[in-house]
Amino acid sequence: HTLLEWFKKHHLTEQPRLVQLLQVETGWERAIEVALNQHIQAVCFTDRDSLDDFLNSPPPNTVSLMTKSIPCEYFAATFQNQLTLAPISSKFTAPWPLEHLLAGVYVAENVTEAMEHTKQLKSYESIITREGICLGNHWIRLTGGDDHKAGLLQREREITQLQKVQQDIQEQLDKKQIDYQHIQTQLKELEDTQAKQQKQST
């Protein structure tokens, strides 16, 4: 069966995706997409026990499922910011902490700035540039333009903006409709009054 059928079977089509819940600083969308990788499209739940239901019914394709997490003191103590660079978590807000996915990930404006810090990186740390190039202490990861995750956050932002415009237009239409009905009522009352007066004058 297809992934869509699997989603429908498990009533997941109405569940929010992580990409819909993130508020990302403009210009850093690609970096966040690269950092979160497949988790950017994770289906989100509020209850951890909900995840166990899927273990005996795997999907036909790779799917990421995620539940609300709480701040972890271990991460805060272990992954102290050793660099002058900002952590990638400073570039977005999410409804719950994502440090379990992004611990040790920093951001740089460009490759030149990132290269200045790569020798200071620990083995588990990395730097992502604004355009989505990822650098470690001894490796670099480049993503192609045909990456299916590219532009997800931008498209989600555009969808949200269009939905807002649509809502505003609908509200204006509703108001115009009410105004129109009110004018129609007034016109009918005036026409009725006029007809009565004409009838009385004859």
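Two strands are taken to pair if DSSP finds at least two bridges between them. On this criterion, in what is a predicted model, 4 strands form an open sheet in the order 5-6-7-8, with mixed pairing. The edges of this sheet are strand 5 (105-108) and strand 8 (140-141), each of which pairs on one side only. Strand 5 is joined to strand 6 (residues 126-129) by 4 bridges, and the two strands run parallel; within this pairing, alanine 108 has threonine 129 of strand 6 as its bridge partner. Helix 3 (residues 29-36) lies across strand 6, strand 7 (134-135) and strand 8, and runs at about 145 degrees to strand 6.

The secondary structure of the protein as a whole comprises 8 helices and 8 strands. Of the contacts with a separation of 6 or more, 59% are accounted for by residues 24 or more positions apart. Buried residues make up 31% of the 202 residues in the protein, while the accessible surface comes to about 13600 Å², with 52% of that area belonging to carbon and sulfur atoms.

A search of the whole structure for disulfides finds 0.

Key. Residues numbered from 1 in each chain as written. Predicted model: local features only at pLDDT ≥ 70, side-chain atom pairs only at ≥ 80, totals over all residues. Heavy atoms only, no water. Buried < 20%, exposed > 50% of the residue type's maximum accessible area, 1.4 Å probe, protein only. Contact = heavy atoms within 4.5 Å. Areas by Shrake-Rupley, 256 points an atom, 1.4 Å probe, with all protein chains shown as cover. Axes fitted to C-alpha atoms, helices over the stretch in contact; angles between N-to-C directions. Disulfide = S-S within 2.5 Å.
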